[in-house]
Amino acid sequence: MRVLQTTHSNLKHTLTLNKKEIGVLAFKSSFSMGATITWENNVLNMERKSIFSSTTWIRRNHDMVGSLKSSWNSIKLNLKDIGHYTLKSKGFFTLTYILYNSNNQIILTIKPTYSWKQWKYTYKIELGNTLEDSHISFVSLVGLYATILNIRASQSTF
């Protein structure tokens with residue numbers, strides 16, 4: 001099983017595999033849902049459809065390449081040319097997020113850990129065997145973005 005790690009600095013989450021950087025998720029501000037995902041020579045912008053919407057657009061330049069749609073029990077990811085995925089949380093005190101493909105196979109598992117000493121989350125991402133190597137960075141970063149959105153939403157309700 002391949003395991004990805006994240007390091008977090010201010011608004012930037014760096015994704016690594018075997019200590020090699022494979023991508024970056026950078027939020028625009030602490031309270032913004034807008035973010036930029038960068039890997040290899042690719043740059044994507046994550047933008048909320050509107051302030052009251054549960055949909056986030058994924059754009060490359062101005063072209064739509066996907067979307068995320070939040071509901072009460074999951075986040076649906078529709079990624080153009082790659083597929084449809086569902087991110088669901090498991091557990092109560094120790095949350096784990098699992099990304100399933102349209103055949104209900106586990107694509108990846110995201111395990112957030114909160115450090116009270118540093119006041120921040122770190123994320124461990126375990127890859128399933130069904131994800132193509134060419135899509136690892138893209139799907140992992142979008143999954144990480146969706147997980148962070150879910151955690152932020154759950155924290156704002158208390």
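This section describes aromatic pairs, salt bridges and selected residues in a predicted model.

Aromatic pairing was examined first. The count comes to six aromatic pairs. One of them joins W39 and F138. The two rings are stacked, with 5.2 Å from centre to centre and 20 degrees between the planes. W39 belongs to strand β4, which covers residues 35-39, and F138 belongs to helix α1, which covers residues 136-155. The pair therefore ties together parts that lie 99 residues apart in sequence. Both W39 and F138 are buried.

Another aromatic pair is formed by Y121 and Y123. This pair is also stacked. The ring centres are 6.0 Å apart, and the angle between the planes is 20 degrees. That separation is within the 6.5 Å limit for ring centres, so the two rings count as a pair. The planes are under 30 degrees apart, so the pair counts as stacked. Y121 is partly exposed, at a relative accessible area of 22%. Y123 is buried, at 4% relative accessibility.

S137 is found in helix α1. Its relative accessible area is 10%, and S137 is buried.

E40 presents another setting. This residue is found in the loop between β4 and β5, the latter strand covering residues 42-48. E40 is exposed, at 69% relative accessibility. The C-alpha atom of E40 is separated by 9.6 Å from that of E21. These two residues are 19 residues apart along the chain. The backbone of E40 has a phi near 45 degrees, a positive value in a residue other than glycine.

D81 shows a positive phi as well, of about 70 degrees, although D81 is not a glycine. D81 is placed in the loop between β8 (75-79) and β9 (83-90). Its relative accessible area is 74%, and D81 is exposed. As background, most residues other than glycine have a negative phi.

Salt bridges were considered next. The count comes to three salt bridges. R59 forms one of them with E47, and the closest N and O atoms are 3.2 Å apart. R59 lies in strand β6 and E47 in strand β5, so this pair ties together parts that are 12 residues apart in sequence. R59 is partly exposed, with a relative accessible area of 21%. E47 is partly exposed too, at 29% relative accessibility.

E126 takes part in a salt bridge with K111. The closest N and O atoms of this pair are 3.3 Å apart. The bridge links distant parts of the chain. E126 sits in strand β12 (residues 120-127) and K111 in strand β11 (residues 106-115), and the two are 15 residues apart. E126 is buried, with a relative accessible area of 14%. K111 is partly exposed, at 31%. E126 also forms a salt bridge with K124, with the closest N and O atoms 3.6 Å apart. K124 is partly exposed, at 32% relative accessibility. Salt bridges that share partners join K111, K124 and E126 into one network.

T56 lies in strand β6, which covers residues 55-60. T56 is buried, at 1% relative accessibility. The side chains of T56 and R48 are joined by a polar contact of 3.4 Å.

Technical notes:
Residues numbered from 1 in each chain as written. Predicted model: local features only at pLDDT ≥ 70, side-chain atom pairs only at ≥ 80, totals over all residues. Heavy atoms only, no water. Phe/Tyr/Trp six-rings, centres within 6.5 Å; stacked < 30°, edge-to-face > 60°. Helix = DSSP H or I, 4+ residues; strand = E, 2+ residues; numbered from the N terminus. Buried < 20%, exposed > 50% of the residue type's maximum accessible area, 1.4 Å probe, protein only. Polar contact = N/O pair within 3.5 Å; in protein donor to acceptor, adjacent residues only side chain to side chain. Salt bridge = Lys/Arg side-chain N within 4 Å of Asp/Glu carboxyl O.
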